[in-house]
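Subject: Structure for your review

Dear colleague,

Please find the structure below, followed by a short account of what was found in it. I would be grateful if you could read the two side by side.

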Amino acid sequence: MKVLIVGAGPAGSTAAYYLAQQGIDVTVLEKTSFPREKVCGDGLTPRAVREIQKLGLPHAVSEGWRRNKGLRLIAGGRTIELPWPEVADFPTYGLIRTRLGFDEDLARHAQSAGAVVLERHSVTSALTAEDGRVIGARASILDESGRKTGETRDFHADVVLAADGNSTRTAVSLGMHKRDDRPLGVAVRTYFTSPRHDDDWMEGWLELPGKSGKPLPGYGWVFGVGDGTSNVGLGILNSSKEFGKLDYKQVLREWTAGMPSDWGFTPENQVGEIRGAALPMGFNRTPHYSPGLLLLGDAGGMVSPFNGEGISYAMESARFAAEFLIDASSRSASAGWSTHDADAHLSRYADYVRDQWGSHFTLGRMFASLIGKPAVMKLALRTGMPIPVLMRFVVRMLANLTDPSAKGFEDRVIRVLEMLVPATSNTSPASALTPAGTDSAVSATTS
């Protein structure tokens, strides 16, 4: 079996590692060259750390990885520190690692297993057979400055994995556009030289006080990178009435202007520009499987509506996809499977992903809708922040850090809640075949 992966981010490189490790011929096409920056909070919850551990990816402090104890939440004049929960299936620490280093580490890890990673290959479209089955991808070759050279190259494979992020040209070229019935977020962030760079907690601001004292829409974060800088950013959901109407970079400026001066979040201490990106949530691009093609991570809208976390789901979806491919490859070799047999087996990937996170994402959609209402959000914070045990439960649910087999009260409650809601569908309605109406609003405010 020959596999082509579009994108060498967390999803693409993770899948490439697992496949190459099993001797499968795998090529990864990455439009940029490493090291490359990526808009992100740079925070890795224990869910993501578990995937890093499964990969066997070294993450020593001496190599730029910074461990943290848990979440520090700030809202309504209160601050509460909540250590990561002790759950059998997850580590008890999180990590901070800039995507500049993290993504390259993953790509090199995949190469060490035997994967071929081709940088400066920008995929423009999928290649299809007469029957519509995806059989490869076409890429433009870029020069060292990122400009098109005019040369294109076609890559053929038995299966293509689209791991090319929110903009996923692979899926879009096949008519698979964003869905309007799923949450969408926007995040902006920058770095500041700051004495807070060595903070042991991932800090989340559930209310954003502006310079004038009037609350700003969205939620914010301050993550110490450990290299002398802090990653400071904010996110806003399309359930907020302000979505698409604000200059989010200016909102970030107003928020940081109201922070204590000794933190150093000032224009003169800013490192790099403020950059933004869309957060595709709750399976907002489907179907996740079509003949010859699987969508991974952000390309399939696999970002949690609860907390905007995408890296863990990207890496998990990659692991799931690799397991199905490895199994299909093994069966094909031993039983003489046809392409039809392999496709039937691989089609189970979509249902498997839905079974893993569908109910969690449905709850997340409900949560996103509620917190978009300022009155509801204010009441929830006023009620929850003074009760640490309640906030610990909320953190476990938001970060999806539960043990399905555990008999603890928190695990049982979360399991019941997820049983009470239908799993988010990852099949494609007709509306998904036309561009989402929010695309222009997102691009206008994050460019």
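Three strands form an open sheet in the order β9-β10-β11, and their pairing is antiparallel. Strands β9 (121-128) and β11 stand at the edges with a single partner strand each, so one side of each has no neighbour in the sheet. From one strand to the next, the twist averages 25°. Please note that this is a predicted model.

The two pairings may be taken in turn. Strands β9 and β10 run antiparallel and are joined by 7 bridges. Within this pairing, Val123 has Ala139 of β10 as its bridge partner. Strand β10 (residues 134-142) also pairs with strand β11 (residues 148-156), again in the antiparallel sense, over 6 bridges. Here Gly136 has His156 of β11 as its bridge partner.

Strands β10 and β11 form a hairpin with 5 residues between the strands. In this hairpin, Gly146 takes a positive phi near 90°.

A second site concerns the surface. Which residues form a nonpolar patch there? They are Ile387, Val389 and Leu390, which together have about 220 Å² of accessible area. Ile387 is found in the loop between α9 (374-384) and α10 (388-398). Its relative accessibility is 36%, and Ile387 therefore counts as partly exposed, since that term covers values between 20% and 50%.

With kind regards

Definitions and conventions:
Residues numbered from 1 in each chain as written. Predicted model: local features only at pLDDT ≥ 70, side-chain atom pairs only at ≥ 80, totals over all residues. Heavy atoms only, no water. Patch = residues over 30% accessible without salt bridge, like charges linked within 9 Å, V, L, I, M, F, W, Y side chains within 5 Å. Areas by Shrake-Rupley, 256 points an atom, 1.4 Å probe, with all protein chains shown as cover. Salt bridge = Lys/Arg side-chain N within 4 Å of Asp/Glu carboxyl O. Helix = DSSP H or I, 4+ residues; strand = E, 2+ residues; numbered from the N terminus. Buried < 20%, exposed > 50% of the residue type's maximum accessible area, 1.4 Å probe, protein only. Pairing = 2+ DSSP bridges. Axes fitted to C-alpha atoms, helices over the stretch in contact; angles between N-to-C directions.
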